[in-house]
Amino acid sequence: MRRIRPLALAAGWLIAAVLFSLGAAGIVTGIGGYPGTTARPELTGVGDEAIEPALVAALDDLETLTAAVDDLGTQARLALAALVAADVERLSGAIDTGTAQLADVSDQAAALRAHLLVLPGIAPDPVDPLPPSAELQLGRDMRDRFTVIYRALDATAELPSAWARFTSASLAAQALTEVLLDHDASTGDAAKLGGSGKYPEALKQLDTSDALIGTARSARDKLANTVDVATLTEWIERNATYDAALRDLYDSLRRSKGKVDDEVRAAFEAEQAARERLPADTRGLVVILAETARGGMNQAAIAIEDARIQLEDAVAAAEALAASPSPSPTTQP
């Protein structure tokens, strides 16, 4: 009996040790989270449940913001089309609508950023809203979803400056269009006056044409820093040459009191030669406007499109994360 008692005690201690080891292993497994992951749902479950509805709403807001940026891009494309068509009224309308749309985009982005910075477990720091301590309050899935949505807002940061370049280039093109069209109208009026024998009045009207040529040259000089102005320069100089030839003709007729003498004949031949070098239609003007647009409008439109693509990618990434969340404590086996 005395030998049986120690053996029984030893066996009992062995069984107790095995049972304790198995229990301790279960405890460690529970504390360590799910095998192969760093998830700690038993610690972050409360925070995850608190922030989940807000992240769903934030994703909806991000989709709305993406649509607003897309609308801004639509206005940019409409403005470019109006510019190429030399449709000043349509161009102004697209610019005005786009400017209002940009304000809406900026307001939406600011509101969404502010909303995200006050969510449970998030630090109110625009630069670092997810400090290391956030790992104790939010699971990896929630932190990743937050980061995707929050960082997507950076895509809108450059839109105000891009649109400013866009409007600046469009205004320059619009002003140049008006000057060139006004010049053509002014020289046409001078030709009508001269054709009616009103030579002094025709010469005075050509003064207006000369002033408009000067304005066009000043605009050309400013644009020369950013775009190719070769076509524009050719357009201006051919029209200036014709204006000078028409002035010589009417001045000769004024001095001869309408009689055709050798001076008038020479002036008439010079006017005919200059007329033949004028553009036959406004197709050259379309080329000029397209070149002017490349000074800033195309680049700005591309920047807007890039922002839209970044936002769409963020929406897709956030949706994918929401569709495959990390296991919650209630689903733990």
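A crossing of two helices is left-handed if the near helix is turned anticlockwise from the far one by less than a right angle, and right-handed if clockwise. In this predicted model, local features need pLDDT of at least 70, side-chain atom pairs count only at pLDDT 80 or more, and totals for chains, interfaces and linings use all residues. Residues are numbered from 1 along each chain as its sequence is written, and side-chain values use heavy atoms, with hydrogens and water left out.

Helix α6 passes α7 in a left-handed crossing. Helices here are DSSP runs (H or I, at least four residues), numbered from the N terminus. The axes, which are lines fitted to C-alpha atoms over the stretch in contact, are compared by angles from 0 to 180 degrees between N-to-C directions. For α6 and α7 the axes come within 10 Å and cross at roughly 165 degrees. The two helices are therefore roughly antiparallel to each other, a term for angles over 145 degrees.

| Helix | Residues |
|---|---|
| α6 | 199-223 |
| α7 | 230-255 |

The largest nonpolar core has 49 residues. Such a core is a set of buried Ala, Val, Leu, Ile, Met, Phe, Trp, Tyr and Cys residues joined through side-chain atoms within 4.5 Å; buried means under 20% relative accessible area and exposed over 50%, with a 1.4 Å probe and protein chains only. Helix α2 gives the most to this core, with 15 residues. A second, separate core of 14 residues includes Y199 and L253.

K257 is found in the loop between α7 and α8. At 77% relative accessibility, K257 counts as exposed.

Key. Angles under 35 degrees count as roughly parallel, over 145 as roughly antiparallel, 65 to 115 as roughly perpendicular and the rest as oblique.
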